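Please look the structure over first, and then follow the points below in order.

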Amino acid sequence: MMKKIVSAMMAMWISGTALAGGADDPLLYKVMIDKLEIRDTDEGNALILDADAWVGKDLNKLWFKTEVERLDGATEEAEVQLLYSRAISPYWDLQAGWRHDSRPTPNRDWLALGFKGLAPYLFEVDASLFIGESGRTAARLDVEYEYMFTQKLVLSPEIEMNFHSEDDPDVGTGSGLSDMQLGLRLRYEIRREFAPYIGVNWARKFGDTADFAREEGGSTHDTQLVAGIRVWF
Amino acid sequence: MSFKKPYSYEGGVCLMRRRFVQGLAMGGAFTGLGLGSSSLLAAAMKQQRPAILRGTDFDLTIGEQAVNFTGAPRIATTVNGSLPAPILRWREGDTVTLRVTNRLPATSSIHWHGLILPSAMDGVPGIAKGFNGIKPGETFTYRFPVRQSGTYWYHSHSGFQEQTGLYGPIIIDPKDPESFTYDRDYVVTLSDWTDEDPVDVYSKLKKLSHYYNFNERSHADLMADLQEKGVSGTWNERKMWNQMRMSQRDLSDVTGYTYTFLMNGQTPADGWVGLFKKGEKVRLRFINAAAMTFFDVRIPGLKMSVVAADGQNIEPVSVDEFRIGVAETYDVIVEPKDDRAYSLFAQSLDRSGYARGTLTPDHSLIAPIPEMDSVPNLTHADMGMNMMDHGGHSMPGDQMMSGMEHSQHQIPSGQVMQGMEHSELQLPSGQKMSGMEHSEHQMPSGQTMSGMEHSQHQMPSEQAMPSMDHSQHQMPSGQTMSGMEHKEHGMGNGKPMAMKALKPNPSDFTARPVHHAPTEYGPHVDMRASNPQYRLDDPGVGLRNNGRRVLTYADLRNLYPTHDPREPDREMELHLTGNMGRYMWSINGVKHADAEPLRMKLGERLRITFVNDTMMNHPMHLHGMWSDLETGDNNYIPRKHTVVVQPGSRISYRVTVDAEGSWAYHCHLFYHMLGMFRTVTVS
């Protein structure tokens with residue numbers, strides 16, 4: 001699937017440049033694999049993919065976001081978002097579209113609405129509101145910062161929080177603040193587009209989400225060592 | 001991109017780029033593949049003396065050429081197989097005929113930069129009627145009278161061909177003898193070469209605007225600042241920049257990370273060599289033919305007498321160093337008194353690399369290559385916040401200090417004044433904002449005006465205030481704080497506004513309140529200068545207070561009386577705008593593709609005032625007509641073809657609108673030009 005999307009984007013890019021003829025605003029694409037990492041969790045080694053891609057021009061883009069977690073060869077969590085993204089201010093894009101969670105089952109579909117951009121003091125922010133079936137709503141806040149030890153060695157603290165309006169026992173989420181992750185990753189940019197990293201990830205489930213996890217025999221908080229690569233093109 | 005990718009650029013090839021950008025010794029243009037080292041050597045030696053074509057009749061062939069500057073073979077775009085293109089030597093008063101044949105697989109063109117000629121001969125495809133570029137395999141004949149003398153250059157105005165090598169010098173010998181003498185005459189063409197496809201460079205900038213910037217402030221700088229200024233000092237100094245999401249090290253978009261800087265086509269590893277005999281006067285004609293690089297040029301041990309700017313003679317100025325913006329030219333005379341070698345050193349503005357050469361009486365002598373200066377930080381002045389800190393503008397007396405009694409400033413409550421965002425503030429018109437030295441301004445909402453605090457006002461050594469001591473620094477009343485929206489001001493849609501009230505004396509460089517067009521607000525513009533000043537005698541970021549005598553625009557005084565002494569009939573104000581992060585560039589917030597042409601009336605004397613609402617230098621080039629730069633003395637106004645508008649500053653020049661037709665008017669930074677461009681129609 002990913003391959004197909006990428007090749008479709010490639011085709012658009014190639015035709016875009018051919019048509020552009022030196023125009024200032026060519027059709028471009030970018031694929032950003034922000035995290036492709038192994039986490040040493042309580043339940044074993046998990047494989048995490050957190051990636052974005054966009055195709056578009058300066059102010060209007062089509063965005064694709066995905067987060068996948070695999071454990072012992074089985075996909076535990078999988079989410080994709082397909083969004084229309086429009087620049088609304090110098091540093092902020094308004095993004096709206098569709099989010100689909102295919103794992104855990106049953107599937108959940110959401111309307112997604114969010115802001116993505118750079119806040120004062122150079123915090124990268126992605127804040128989204130999700131409206132699901134039968135009145136379910138959810139919200140997510142992801143904030144990241146980059147501290148440059150050197151021009152190539154970058155320390156990146158990150159916080160992600162998920163909120164839900166009501167319990168959804170089928171997929172194990174509870175109302176209120178459901179879970180939070182704090183990450184600290186140190187990457188070395190061998191070149192801008194390619195950086196291996198190591199780090200630590202602290203994950204915690206709260207309230208009913210934690211209860212659901214306990215019922216399933218899962219953990220509610222975990223401190224994990226991570227190692228992975230960050231790649232874009 | 002209008003031609004097929006000529007490069008075999010594969011990801012991974014450039015892992016070790018930093019080692020290669022110094023260049024491969026004996027690199028340069030060579031024909032064919034698999035040449036032995038002796039032919040390589042011959043090719044390199046040949047490059048030391050670029051071909052000179054003289055006369056009135058020229059055949060030029062644009063083609064592809066194998067080159068190797070970094071150890072990796074690449075294909076360049078060249079004229080007659082040469083990079084830089086051959087020197088064209090003309091005589092003032094002649095009519096020249098140039099048959100230009102295009103052997104590229106794509107449309108090409110040649111623009112004669114700085115030449116006064118008919119619109120159809122100017123060589124910008126799609127601008128003048130009847131010229132749509134030179135199609136592959138075709139020959140276009142340029143023919144025009146040469147009505148000027150001096151140092152100029154020529155380059156492609158199609159696709160990305162200028163970045164890939166299509167540029168060369170023009171020397172025009174004057175009808176009458178020069179006012180100065182010299183024994184030797186060298187052209188020094190500075191340029192920037194990248195192994196990357198320019199299309200890739202542009203898309204990288206769009207995807208990650210600081211892709212090429214490896215001079216950002218990092219941990220070591222923070223530690224040094226903490227030690228020097230303490231926690232609160234460091235915080236205060238950096239606060240505004242961080243709030244504004246801007247970098248004080250945003251000096252160049254494309255840097256030595258990918259560029260190999262060339263002097264007459266020679267890499268720094270090779271270096272260009274010019275010979276002299278002790279006691280001779282050597283004329284050096286510097287041309288900045290780079291795509292994106294400003295160079296700071298000096299010859300340690302030699303004073304340079306600057307005798308011409310942009311081909312036009314000026315009253316000689318003796319300097320140690322000058323900054324040459326993209327597309328500018330400067331002619332200097334040097335008189336080496338000793339039998340020793342001297343380094344011609346041209347470091348890039350962002351200090352990411354340099355081009356170099358040697359002036360020597362003997363090939364066996366070598367001169368030490370100076371260290372590059374440290375990487376400078378942009379200051380408040382460079383963001384158009386006049387804190388009286390650049391000192392540069394202190395020019396004609398105390399004009400700036402007049403009318404200083406207003407002290408109240410009412411700011412609508414609830415507004416926070418932080419950094420550049422205060423340009424969005426709607427101050428009641430006519431209000432002045434005084435007392436910039438107050439650490440806090442009382443505002444109805446009780447908000448403080450961050451970014452304006454005195455602590456930030458104290459700039460670290462390297463920056464700002466060249467000619468200004470601290471007491472002068474404390475004088476800020478009378479500063480106008482702008483950001484006022486005036487109703488009369490209709491610059492929307494990129495149309496110029498006509499202002500009734502012209503300054504009676506334009507050499508009074510009092511900066512009036514600045515007005516920003518409604519089109520400057522939106523996601524495509526990330527900054528508006530709140531208080532842009534004339535900074536003619538500001539040498540610019542990285543050159544202030546460096547202990548050397550550095551040329552500034554305030555030094556430029558025409559050798560001859562002002563060509564057209566009329567006062568301007570009309571004034572046009574143009575704002576240079578952009579969004580650094582999104583890598584979008586425009587004029588008045590409107591990019592070329594969306595803009596109406598600028599209309600000028602044949603016969604009028606027009607004043608154009610630029611306000612730079614960005615933190616970058618923009619070399620603005622008007623085709624077809626001179627830009628008569630207002631530097632202070634209206635009786636001896638220097639004429640330029642390219643005027644550098646410093647970050648956050650304003651500058652004005654007069655144009656005698658005497659050239660009918662359509663003309664290009666644009667920022668000469670290669671990757672800004674696509675958006676920061678206007679078509680001018682004169683009728």
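Predicted model: local features only at pLDDT ≥ 70, side-chain atom pairs only at ≥ 80, totals over all residues.

**The loop around A:P120**

- A:P120 belongs to the loop of chain A that runs between β6 (108-119) and β7 (123-132), and A:Y121 lies in the loop between β6 and β7 of chain A as well.
- Leaving aside residues up to four places away in sequence, A:P120 touches B:Q243 and B:R245.
- A:Y121 has a phi near 70°, which is a positive value in a residue other than glycine.
- Is A:Y121 exposed or partly exposed? A:Y121 counts as partly exposed, because it has 13 C-beta neighbours inside 10 Å.

**Chain A as a whole**

- Chain A contains two helices and 13 strands, and its radius of gyration is 18 Å, close to the 17 Å that the globule rule gives for 233 residues, so chain A is as compact as a globular protein of that length.
- Taken along the principal axes, the C-alpha atoms of chain A fill a box of roughly 60 × 45 × 35 Å.
- Of the 233 residues of chain A, 27% count as buried.
- When contacts in chain A between residues at least 6 apart in sequence are considered, 41% of them join residues at least 24 apart.

**Where the two chains touch**

- On the two sides of the contact, 30 residues of chain B meet 25 residues of chain A.
- The helices α3 (198-207) and α4 (219-243) of chain B each supply at least two residues of the side of chain B that touches chain A, and α3(B) gives the most to that side, with four residues.
- Sorted by class, the side of chain B that touches chain A has eleven nonpolar, twelve polar and seven charged residues.

**Strands and sheets in chain B**

- In chain B, five strands form an open sheet with mixed pairing, in the order β2-β5-β10-β9-β7.
- The edge strands of this sheet are β2 (52-54) and β7 (111-113) of chain B, each of which pairs on one side only, and the twist averages 25° from one strand to the next.
- Within chain B, strand β5 (residues 87-91) pairs with strand β10 (residues 167-173) in the parallel sense over four bridges, and the bridge partner of B:R91 in β10(B) is B:D173.
- Elsewhere in chain B, strand β15 (residues 295-298) and β18(B) pair in the antiparallel sense over four bridges, and B:D296 stands opposite B:R323 in β18(B).
- In a regular strand the side chains alternate between the two faces of the sheet.
- From strand β18 (residues 321-324) of chain B, B:E321 and B:R323 point one way while B:F322 and B:I324 point the other way, and all are buried.

**Nonpolar cores**

- The largest nonpolar core has 156 residues, of which B:I170, B:L190, B:F286, B:V306, B:V332 and B:A346 touch the most other members.
- Strand β16 (residues 304-309) of chain B provides the largest share of this core, five residues.
- The residues that B:A346 touches, not counting those up to four places away in sequence, include B:L190, B:M263, B:F295 and B:V297.
- There is also a second, separate core of twelve residues, and among them are A:Y29, A:W54, A:L83 and A:A138.

**Backbone details to look up**

- The peptide bond from A:R103 to A:P104 is cis, with omega near -10°, and A:P104 sits in the loop between β5 (92-103) and β6 of chain A.
- The peptide bond from B:L83 to B:P84 is cis, with omega near -5°, and B:P84 is found in the loop between β4 (74-79) and β5 of chain B.
- B:A327, in the loop between β18 and β19 (329-334) of chain B, has a positive phi near 85° although it is a residue other than glycine.
- B:A327 is buried, because 25 other C-beta atoms lie within 10 Å.

Terms used:
Residues numbered from 1 in each chain as written. Chains lettered and ligands numbered in written order. Pairing = 2+ DSSP bridges. Axes fitted to C-alpha atoms, helices over the stretch in contact; angles between N-to-C directions. Buried ≥ 20, exposed ≤ 12 C-beta atoms within 10 Å, placed from the backbone. Contact = placed C-beta atoms within 7 Å. Nonpolar A, V, L, I, M, F, W, Y, C, P; charged D, E, K, R; others polar. Core = buried A, V, L, I, M, F, W, Y, C linked by C-beta atoms within 7 Å. Rg over C-alpha atoms; globule rule 2.2 N^0.38 Å.
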